[in-house]
Amino acid sequence: MFEWLGITPQGLYGQLLVGLINGSFYATLSLGLAVIFGLLNIVNFTHGAQYMMGAFVAWMGLTYFGINYWWSLILAPLVVGVVGIILELTLLRRLYQMDHLYGLLLTFGLALIIEGGFRQAFGISGERYEIPEALTGATNLGFMYLPNYRAWVIAASLVVCFLAWFVIERTKLGAYLRAGTENPKLLQAFGVNVPVLVTLTYGFGAALAGFAGVLAAPIFQVNPVMGSNLLIVVFAVVVIGGLGSIMGSILTGLGLGLIEGLTKVFYPEGSSVVIFVIMAIILLIRPAGLFGKEK
Amino acid sequence: MRLSKKTLTIAVCAACVAAPAAATQTDKISDGVVKIGVMTDMSGIASDMAGPGSVLAAKMAVEDFGGKVLGMPIEIVSGDHQIKPDIASAMARRWLDQEKVDVIADIAGSLTAIAVVKIVKDKNRIALVSGGGNSRLTNEDCTDRSANWSYDTYAMANGTGRTLTQQGGDSWFFIAVDNVFGRSMQQDAEAAIQAAGGKVLGVVRHPFPSSDFSSYLLQAQASGAKVIGLAQSSSEAGINIKQAAEFGITPKQKMAPMLLMITETHAVGLKTLQGAVFTESFYWDRNDETRAWSRRFFEVKKRMPTMIQAGVYSQVLHYLKAVKAAGTDEAGAVMAKMRAIPVNDFFAKNGKLREDGLMLHDMYLMQVKSPEESRYPWDYYKLLKVIPGEQAFQPLSKSRCPLVKKQ
């Protein structure tokens, strides 16, 4: 049935799976962005740099301290999260009362500085990070060889995304967070320390980016510009999903990974623009995004 | 105001007397200094393979030449064109019009090199390309004021394509970057493969820059081709080979990067790249001369030089030799000398600058060593074959450069 497309069914399944892998990166990254925007109203342009820092922390841990991949999966997000918290406390905090644009400019500038610093220190070629021993090799699925590590990426991202969604939408802590964005003063009156809540949220969003960075390290080169290449796409994902919508960004991330994967088969030249074309169309039809609410 | 005939005659005579005097005073070197502009990518994707290393190489050439030519000082300026043709063009105009730059070296990047070469020709100065190895530079876009020094897409694609096909890798699939560089590389390789009796089963073109190649690799895998040719930037090829290993494509299918810089090999690692076959014009560990120079370079940069950086040294040194021989820095006279004098340094032996602007020199077919074979730091490649310049590069008879006189 696929002959007219010029591709075998096996080929198509393989491509869909590959799209899903990229989609899981998009989902994890856009989730972090959505959390930060939804709760802090900050357009976090430092997200790409935080993703890159996650990968670099993993690499540094392995190279200088012999910390293996599994520990890095926990430690690197923590480090990136703490750096994020410091940024929030010292800089971002001052901008909440101002226009979105100031937050955007600050985080964008920070991203340039962080990336420039890493480029100065490590060069543009980047550093290598090997796939952990337990996840090397590939599994024959019949229609394709699925590298074990990529299967792990899908699983790990989905679990993390689900947990984040669950915490924010289904727990008491999440309820506080959401209440904090709706009406911080009222929440404070109930005795909840809203500023701490906001700081921790930013740290959590940054940690998600760091986590994605560790996941990406063995697939791509650990490279100072790895984040900036991805960030624009991830922003498009968030816009399509609906700014601030948690579930929206997860589903859109996965969906767009699939669409991009298919474009790479049928019209590879267009694979870098397809997401933006979709974004333009969605914005025309539903300005608040697929899952966003009109305010 | 009307000039009388008498005043006019006096003025003309005065000019006649003054002109030669002025010429001797400003000497044979314009503005009293030979100014070399190294235009390169200082912080972007090509900054490790060219970038600050190219500037260092140019400085080393000036130092080895003695710091002065015809008694006049030599000055080096550098600029970051970010591999953007518009920035490169503006910088070239500023350098040539206002800052009295005599020669522009390196010009990393295909499109930037093509843009700058045209401007330099218009302003009657000299462009020496090292990091912009597109075969168009010595074909459609050739000028008599430019030279392409280190490599070009034809030589890389031809050397690798022909040799692997002859060794039995007679069916190919290409993963090519969708720009002028990727296209000419892939087309040049395809011609070489077909001439050697092989066939190309398919091509997939991806946008630049890309970092995930899994989709293209699956297509290459499905094609069943024996060799997967990578007509991409060096950094893309490195990541691509890494991902091919993940999907179990290698070693069943062979990966053939058309361009691989040693900085990339260093970054990606021998474990992933081992066995890859490619063409280069310079390898630091080839003989005593290359080792001696490369160690000096390493002292400063803490990494071994790429062929682009070694080429910048060679082109700047040769330029200075030509200025000395010509007794002037006038572009036409210097270019004539650059063509007349053979290029002899650690980079090239008896290299010849042809009329189409190509610096003809030997190329080397290299193979990446396995981690076990590598005995000391940066011991990465083994030499499979020296490809003589005449075989490596496009023969003049096939040149599309209008400057080449066809017999």
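Guide: Let us start with Asp31(B), which sits in the loop between helix 1 (5-25) and strand 1 (34-40) of chain B; please keep in mind that this is a predicted model.

Visitor: What is the phi of Asp31(B)?

Guide: Asp31(B) has a positive phi of about 60°, although the residue is not a glycine.

Visitor: And how accessible is Asp31(B)?

Guide: With a relative accessible area of 46%, Asp31(B) is partly exposed, because that class covers values between 20% and 50%.

Visitor: What about Asn124(B), where is that found?

Guide: Asn124(B) belongs to the loop between helix 4 (110-122) and strand 5 (126-129) of chain B; its phi is positive too, near 55°, and at 33% relative accessibility Asn124(B) counts as partly exposed.

Visitor: Now peptide bonds: which residue is joined to Pro209(B) by a cis bond?

Guide: That is Phe208(B), with omega at about -10°, and Pro209(B) itself lies in the loop between strand 8 (199-206) and helix 7 (214-223) of chain B. The peptide bond from Thr250(B) to Pro251(B) is also cis, with omega near 5°, and Pro251(B) is placed in the loop between helix 8 (234-246) and strand 10 (254-257) of chain B.

Visitor: Switching to chain A, at what angle do helix 3 and helix 8 of chain A pack?

Guide: Helix 3 (residues 69-90) and helix 8 (residues 194-216) of chain A pack at about 140°, with their axes 7 Å apart. That angle makes helix 3 of chain A oblique to helix 8 of chain A, and their crossing is right-handed.

Notes: Residues are numbered from 1 along each chain as its sequence is written. Chains are lettered from A and ligands numbered from 1 in the order in which they are written. This is a predicted model: local features need pLDDT of at least 70, side-chain atom pairs count only at pLDDT 80 or more; totals for chains, interfaces and linings use all residues. Side-chain values use heavy atoms; hydrogens and water are left out. Axes are lines fitted to C-alpha atoms, for helices over the stretch in contact, and angles run from 0 to 180 degrees between N-to-C directions. Helices (H or I, at least four residues) and strands (E, at least two) are DSSP runs, numbered from the N terminus. Angles under 35 degrees count as roughly parallel, over 145 as roughly antiparallel, 65 to 115 as roughly perpendicular and the rest as oblique. A crossing is left-handed if the near helix is turned anticlockwise from the far one by less than a right angle, and right-handed if clockwise. Buried means under 20% relative accessible area, exposed over 50%, partly exposed in between (1.4 Å probe, protein chains only).
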